Amino acid sequence: MRILADIPDDDIEKLDALAAKTKRSRAATIRDAIKLYLVQKSDNKDWIERGYGYWAGREDIGDAVEYQRAMREDRTPYEEL
């Protein structure tokens, strides 16, 4: 579907620069921007379900709580401040 929209000249210049940098057309860049906007503004939280457990089973990462404790080891306890 084609649409007509007024876009400020400054935004068109930035859009054209981005399109040239990514070696894509202005229209393709606008389509991507619309898709991103619609995803960000939707109430759909499927991305949470898709990402759940992504790091499970990874042995190279380690335990997050142990990491936090190690990072805080050299700090003065709150009670002593």
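Helices (H or I, at least four residues) and strands (E, at least two) are DSSP runs, numbered from the N terminus. This is a predicted model, in which local features need pLDDT of at least 70, side-chain atom pairs count only at pLDDT 80 or more, and totals for chains, interfaces and linings use all residues. Residues are numbered from 1 along each chain as its sequence is written, and side-chain values use heavy atoms, with hydrogens and water left out.

View 1. Along the sequence, the pattern reads α-α-α-α. The radius of gyration (taken over C-alpha atoms) is 23 Å, well over the 12 Å that the globule rule gives for 81 residues, so the protein is more spread out than a compact globule. That rule is 2.2 Å times the number of residues to the power 0.38. Along the principal axes, the C-alpha atoms fill a box of roughly 65 × 35 × 25 Å. The protein exposes about 8,500 Å², and carbon and sulfur atoms supply 54% of this area. Accessible areas come from the Shrake-Rupley method with a 1.4 Å probe; for residues, only the protein chains shown count as cover. Buried residues make up 6% of the 81. Here buried means under 20% relative accessible area, exposed over 50%, and partly exposed in between (1.4 Å probe, protein chains only).

**View 2. Confidence is lowest in helix H3 and highest in helix H1.** The score is pLDDT, the predictor's confidence in each residue, from 0 to 100. Its mean over the protein is 88, and 100% of residues reach 70 or more. Helix H3 (residues 46–51) has a mean of 80. Helix H1 (residues 9–21) has a mean of 96.

**View 3. Helix H1 has a buried side and an exposed face.** H1 has 13 residues. From first C-alpha to last, H1 reaches 18 Å, close to the 18 Å expected at 1.5 Å a residue. The expected span is 1.5 Å times one less than the number of residues. Ile12, Leu15 and Ala19 are buried in H1. Seen down the helix axis, the buried residues fall within an arc of 65°, so they line one face. The arc is that of the directions from the helix axis to the C-beta atoms. An α-helix has 3.6 residues a turn, so residues three or four places apart point the same way. Turned away from the buried side are the exposed residues Asp10, Glu13, Lys14, Ala20 and Lys21.

**View 4. Helix H2 (26–41) is among what covers the buried residues of H1.** Threonine 29 sits in H2. This threonine 29 is buried, with a relative accessible area of 9%. Threonine 29 touches Leu15, Leu18, Ala19 and Arg24, not counting residues up to four places away in sequence. Contact means heavy atoms within 4.5 Å.

**View 5. Lysine 23 lies in the loop between H1 and H2.** Its phi is near 55°, a positive value in a residue other than glycine. Lysine 23 is exposed, with a relative accessible area of 77%.

**View 6. Aspartate 63 lies in the loop between H3 and helix H4 (64–72).** Aspartate 63 is partly exposed, with a relative accessible area of 42%. Lysine 21 is 42 residues apart from aspartate 63 along the chain. Their C-alpha atoms are separated by 40 Å.
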